[in-house]
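Here is a short note for a colleague who is opening this structure for the first time.

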Amino acid sequence: MAKTALIVDDAATIRQMVAFTLSQAGFDVVEATHGRHALQQLDARRVDIVITDLNMPVMDGLTFIRELRARPETRFTPVLMLTTESQAEKKQQGKAAGATGWIVKPFHPEKLIDVIGKVLP
Amino acid sequence: MRWLRFLSGLLHAPGVYRSGIEAKAHAPILTVLRRQLGEAVSDVEQAVVTVCESFAGITQRARETVARAGALLGGAESDGKEGAGVEQLVVQARATFEHLLERMERGSELSLEVVRRMEELEASTREVSKAIAEIDAIAFRNKILSLNAKIEAVHVGELGAGFGVVADEISNQARRSTELTEQISAVVSTLRASVDQTTDRLRQFAVADRDRVAASRAEVKATLDALENAHWAMRAGLADTAERSEMLAAEIAHAVVGLQFQDRMSQRIGHVTEALEAMENALAVRGRGSIDQDRRRQEIAGRLESSYTMDAERAAAGSACVTAPESGGEVELF
């Protein structure tokens, strides 16, 4: 059975490229445009992995991850941050919020799939 | 971009800040510049979305083409299902033709067997003819014997009367035997003629049939060999197509990396438009006095730096030192 990935990014092109990469690798893909939208998507279905941007309107990535980790059903769901940000301080914030990993854009499709393979049980 | 150069010229023009009224007159231009930048970002985003949709379609069609061709050719390397692929059909055709040719060869052998039996029958009829001839000869001798017996019976006189009767009966038997042997001979002759004719025709047919079956076997083998060779050539072509499809997918992945420039550009231009809005507001405030102007400028610069998300933006503003070029793709697991 195919695994499901939730992609959270306010940029339509990034959502599209990540969705294209993951669907080619056999994933079912769900999209959200910001953190609050992503939480609504999670109310409706279970996902196996989350890939989220950091800077988004309405609810940013760090707030979204904290909310995600507060829910019992998503406490251990792998969360990868996919962002242009590369500062160590920001990475620490992501780790403290509960992120599983950090990928700096632009991402390489084969590397993204490789990382997902490492964090997914 | 021309509007940024225009803005830069505007800000550095000596006479602009001397007149608040003149500054307010130029403020609406910043609104236009912001809108142009926003629309440019939207246009680029739409273009990249369209390109990515095309890539997805290209990749999907390439994979479907390879999968469909693989299913058509059949064999273990295809979708794994038994049956309708060309390779399966060639195997089935070979088996079917083999069975058909074997049955035809058995038919030819049966025909030759019938010919042999007919020849044996022909030999038997010749034996029968010989026996009939011998019976005929016996009947003739019996006739002579009965004639001699009659002559002797006459010589003996009355005592030989019974003997004469026996002699007559023997003569009758001999005549009857002769008649019967003549009938049998006629039937056997007719039978032999029919057997000879049938045997000749059957022999010719059996030999011709055996030769035809051998020729058909050679033709079928040649045709199936050619079909199988064509099939393997097609499979080689399919393998080449699959390889090219994978190369295409790799090239598209490379393009996906390059197209992500749009996201970075969108963010940077977003920050520029925010700065332009702040400048626009600052120009509107300029008429109140130079102290307010300085404080306002500092507020705008501070807010601008706090909105930066990339080292390249901070470097351009002079607030960070970038020692290595950004390559992206950096991964760190916690």
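1. **The helix pair of chain B.** Start with α3(B) and α4(B), which cross with a left-handed sense. Bear in mind that this is a predicted model. Helix α3 of chain B spans residues 86–156, and helix α4 of chain B spans residues 161–259. Their axes come within 6 Å and cross at roughly 165°. An angle over 145 degrees counts as roughly antiparallel, and α3(B) and α4(B) are therefore roughly antiparallel to each other.

2. **Helices α2 and α3 of chain A.** Now turn to chain A. Helix α2 covers residues 35–44, and helix α3 covers residues 61–70. The two axes cross at roughly 25° and come within 9 Å. That angle makes α2(A) roughly parallel to α3(A). The crossing of α2(A) past α3(A) is right-handed. From α2(A), the contact uses Gly35(A), Ala38(A), Leu39(A) and Leu42(A). From α3(A), Phe64(A), Glu67(A) and Leu68(A) take part. By class, this contact holds five nonpolar residues, one polar and one charged.

3. **Helices α3 and α4 of chain A.** What is the angle between the axes of α3(A) and α4(A)? The axes cross at roughly 20°. They come within 9 Å, with helix α4 of chain A running over residues 88–97. So α3(A) and α4(A) are roughly parallel to each other. Their crossing is right-handed. On the α3(A) side, the contact is made by Leu62(A), Ile65(A), Arg66(A) and Arg69(A). On the α4(A) side, it is made by Gln93(A), Gly94(A) and Ala97(A). The classes here are three nonpolar, two polar and two charged.

4. **The interface.** How many residues does each chain bring to the contact? Chain B gives 33 residues and chain A gives 32. Between them, chain B and chain A bury about 2,900 Å². Of that area, 59% lies on carbon and sulfur atoms. Three salt bridges are found across the interface of chain B and chain A. Look also at Glu330(B) and Lys91(A): their side chains form a salt bridge, at 2.5 Å from N to O.

5. **Salt bridges elsewhere.** Over all chains, a search of the whole structure finds 24 salt bridges. One to look at pairs Lys105(A) with Asp9(A), whose closest N and O atoms are 3.0 Å apart. This pair links distant parts of the chain, 96 residues apart. Lys105(A) sits in the loop between β5 (101–104) and α5 (109–119) of chain A. Asp9(A) sits in the loop between β1 (4–8) and α1 (12–24) of chain A.

6. **A cis peptide bond.** Stay with Lys105(A). The peptide bond that joins Lys105(A) and Pro106(A) is cis, with omega about 0°. Pro106(A) lies in the loop between β5 and α5 of chain A. Please check this bond on the display.

7. **A backbone angle to check.** Which residue other than glycine has a positive phi near 70°? It is Val58(A). Where is Val58(A) found? Val58(A) is in the loop between β3 (49–52) and α3 of chain A.

Note on methods. Residues numbered from 1 in each chain as written. Chains lettered and ligands numbered in written order. Predicted model: local features only at pLDDT ≥ 70, side-chain atom pairs only at ≥ 80, totals over all residues. Heavy atoms only, no water. Axes fitted to C-alpha atoms, helices over the stretch in contact; angles between N-to-C directions. Helix = DSSP H or I, 4+ residues; strand = E, 2+ residues; numbered from the N terminus. Parallel < 35°, antiparallel > 145°, perpendicular 65-115°, else oblique. Left-handed = near helix turned anticlockwise from the far one by under 90°. Contact = heavy atoms within 4.5 Å. Nonpolar A, V, L, I, M, F, W, Y, C, P; charged D, E, K, R; others polar. Buried area = accessible area lost by both parts, 1.4 Å probe. Salt bridge = Lys/Arg side-chain N within 4 Å of Asp/Glu carboxyl O.
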